[in-house]
Amino acid sequence: MAGTKPNGLAERLKDAERGRGIVVAPGVYDALSASIASAAGFDTLYLSGAAIAYCRLGRPDIGLVSSTEVAETIALVRDRVDCALIVDADTGYGNALNVYFTVRGFEDAGLAAVMFEDQVWPKRCGHMAGKAVIPAEEMVQKVKAAVAAKRDPDFVIKARTDAAGPLGIEEAIRRLNMYAEAGADCLFADALLSAKDIERVARNVPPFTLSVNMGLGIRSRPTTPLLSPKQLEEMGVAQVSYPRLLTTAALKGMLNAMDVFTKEVVAQNKVVDRPDLLASFDELNELMGFDRLDELEKLFA
């Protein structure tokens, strides 16, 4: 699938406005997790900088991921799945000029959308304390640079503000409207603290341009509350992402398997068979596309 350019996200965001359903994007972190999400039937995926920090670096989301590491991950994901891919580009890796070339490169990589935010650098996870944001006017120039850089009118520019925490929800709304006026197609206010706040933002920015982050997806956290896609849709939200769904699931699975292996197999010298904790060899090969590769090998033998 390398070299193909899945599109349709821009149209699907318009469909959300027409009442045809919110766009749901599970978070992925590599080609394996993208394959799992695609096999589950999702046609839009979200690749977060946090996920790359966790799974490539084993580090927290505090601005340690480079554009090169993101680009390498994009290439691996795009080789395995033909889904619309939304990618988190943190702050755009620099000033407005850096944003311009980031958008050029990511659009050429076959993405459907790129998101960048108005935090200072080094950034940190939007749900951590201690965030700070750049002046709104500086972010406006970044948005304008992103719009100028894109060549495909259906390539989606997603502008995020982290102002709600340090400066309040009214400032977040003000900034999102500035970013929309500068040309952003999709808007995101991170770390909103209640359903009422989400609805308030959705009602005070251009209709059905708002994206919401539901974090772990099936586990609550002390910041943004868990809401269903339908609830968000009824509030006027166009797109919802679950950036930590598969990373945290993978972490929990590895911790559980290692706990059994350490305490029972190694410490107690037991023979343990736990199909509830591990995929089978056949399941693994099926997901990896072994049959297709086997066909190709025979074809060219």
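Predicted model: local features only at pLDDT ≥ 70, side-chain atom pairs only at ≥ 80, totals over all residues.
Residues are numbered from 1 along each chain as its sequence is written, and side-chain values use heavy atoms, with hydrogens and water left out. The pLDDT, which is the predictor's confidence in each residue on a scale from 0 to 100, has a mean of 93 over the protein chain, and 97% of the residues reach 70 or more. Over residues 1-6 the pLDDT is below 50, and this stretch has 19 contacts in the model beyond near neighbours in sequence, a contact being defined by heavy atoms within 4.5 Å.

Helices (DSSP runs of H or I, at least four residues) and strands (runs of E, at least two) are numbered from the N terminus. In helix H3, which spans residues 49-57, the residues Gly-49, Ala-50, Ala-51, Ile-52 and Ala-53 are buried, where buried means under 20% relative accessible area, exposed means over 50%, and partly exposed lies in between (1.4 Å probe, protein chains only). The cover over the buried residues of H3 includes strands S1 (23-28), S2 (44-47) and S3 (84-88), together with helices H4 (67-80) and H11 (245-266). Gly-58, which follows H3, has a positive phi near 65°.

Helix H5 (residues 96-108) contains Thr-102, a residue that is buried with a relative accessible area of 11%. When neighbours within four places in sequence are left aside, Thr-102 is in contact with Ala-89, Gly-92 and Tyr-93.

One aromatic pair is counted under the rule that rings of Phe, Tyr and Trp (its six-membered ring) pair if their centres lie within 6.5 Å, with planes under 30 degrees apart taken as stacked, over 60 as edge-to-face and the rest as tilted. The rings of Tyr-100 and Phe-101 have centres 5.1 Å apart and planes at 75°, so this pair is edge-to-face. Tyr-100 is partly exposed at 22% relative accessibility, while Phe-101 is exposed at 55%.

Helices H2 (31-39) and H12 (281-287) each supply at least two residues of the nonpolar patch, and Ile-36, in H2, is partly exposed at 40%.

A search of the whole structure finds 21 salt bridges, each being a side-chain nitrogen of Lys or Arg within 4 Å of a carboxyl oxygen of Asp or Glu. Arg-160 forms a salt bridge with Asp-162, with the closest N and O atoms 2.7 Å apart; Arg-160 is buried at 5% relative accessibility, and Asp-162 is buried at 0%. In the salt bridge between Asp-259 and Lys-263 the closest N and O atoms are 2.9 Å apart, and these residues, four apart in helix H11, are separated by about one helical turn. Arg-274 and Asp-276 also meet in a salt bridge (2.8 Å, N to O). Salt bridges that share partners join Asp-90, Glu-117, Lys-123, Lys-131, Arg-160, Asp-162 and Asp-190 into one network.
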